[in-house]
Amino acid sequence: MTFNEQLITIVVVAAATMLTRFLPFILFPEGRRPPLFIQYLSGVLPAASISLLVVYCLKDVHFEESGMASIVAIVLIVVVHKWKKTCY
Amino acid sequence: MKTNAFKAAFPYTIPIAAGFFVLGISYGFMMTSRGFSCLFPIFMAMFIFAGSMEFVAANLLLASFDPAGTFFLTVMVNARHLFYGLSMLEKYKGTGWKKSYLIFALCDETFSINCSVEPPADVDRGWFMFFVSLLNQCWWVGSAAVGALLGQWIPLDATGVEFSMTALFVVMFLDQWETAREHRPALIGLGCSVACVLAFQANFIIPAMVLIIASFVPGYLKWKESRHDVQ
């Protein structure tokens with residue numbers, strides 16, 4: 001890619017990212033109450049989103065090659081996290 | 001008043017800063033060790049400010065030019081921000097001019113703080129959330145800059161360093177699991193995502209989001225019922 005093409009790519013990524021962030025606020029502006037279902041979703045989506053993110057990170061793991069390393073690393077993360085919390 | 005909000009916000013961003021230092025430095029390092037100039041990761045951190053997508057973009061920039069494909073991939077990878085926006089509709093109301101920046105800077109970590117933390121009573125919530133967002137972005141841009149400079153000067157093989165992002169999300173998952181009143185939303189997210197990864201592989205995100213929303217309908221109907229019973 002030429003430098004200009006790279007710049008355009010970055011602008012596209014930034015614009016698409018902003019679209020995903022601003023769209024809900026454009027669709028449901030202040031003053032108008034969002035539908036009840038949307039209000040319900042605001043309570044439950046955060047947790048579901050993080051699960052989605054974890055799966056997204058792990059989907060590219062090739063379990064045949066470095067899979068074992070990833071699994072060990074994740075187990076370590078969980079163990080350290082639990083241990084750190086109980087040490088406070 | 002603003003100083004109070006800043007002082008209140010700062011401690012919450014420290015754990016995020018720690019995560020960002022590792023993630024941001026590895027991101028900046030990866031970019032420059034692949035031959036990009038320092039300015040690339042710094043500007044991407046400033047204007048995209050979405051860690052996972054910045055990592056993906058690094059690969060895109062080395063592939064062939066495909067703006068349409070890039071656009072759709074970005075929407076897909078960042079689609080979770082739609083969820084964050086929905087979740088913050090109420091909380092970001094009445095924040096005035098700060099709202100544009102609050103929305104622009106709504107990354108995963110800022111979302112996790114702003115959607116769950118109640119600032120102390122004497123602190124203005126709008127300014128609190130603003131400083132959380134701003135501080136987090138400073139940590140991110142700063143770490144990317146440090147990583148970029150290190151990458152220029154230290155010739156190291158950076159393979160596997162992106163795992164720090166996975167680590168961050170695993171920890172976020174654990175945090176929210178521990179504080180959640182009920183685990184069904186997290187499990188629904190997990191189940192739908194895994195099912196869609198198996199069915200769609202790389203393009204799983206949008207089907208997963210559709211499936212997640214559909215899976216919440218029964219819970220929503222029950223919740224609606226119980227509201228009417230109370231009224």
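Ground rules first. I'm on a predicted model, where local features need pLDDT of at least 70 and side-chain atom pairs pLDDT 80 or more, while totals for chains, interfaces and linings use all residues. Residues count from 1 along each chain, chains are lettered from A, and side-chain values use heavy atoms without hydrogens or water.

Entry, α1(A) with α2(B). I took helices as DSSP runs (H or I, at least four residues). The axes of α1 (residues 3-27) of chain A and α2 (residues 39-47) of chain B come within 10 Å and cross at roughly 25°; axes are lines fitted to C-alpha atoms over the stretch in contact, with angles from 0 to 180 degrees between N-to-C directions. The pair is therefore roughly parallel (under 35 degrees). For the contact (heavy atoms within 4.5 Å) I listed F3(A), Q6(A), I10(A), A14(A) and M18(A) against F40(B), M44(B) and F47(B).

Entry, whole interface. I got 54 residues from chain A and 80 residues from chain B in contact. The buried area is about 6,300 Å², with carbon and sulfur atoms giving 80% (accessible area, 1.4 Å probe, lost on putting the two parts together, summed over both). I found one salt bridge across it (Lys or Arg side-chain nitrogen within 4 Å of an Asp or Glu carboxyl oxygen). E30(A) and K99(B) meet in a salt bridge at 2.9 Å, N to O.

How values were computed
Helices (H or I, at least four residues) and strands (E, at least two) are DSSP runs, numbered from the N terminus. Angles under 35 degrees count as roughly parallel, over 145 as roughly antiparallel, 65 to 115 as roughly perpendicular and the rest as oblique.
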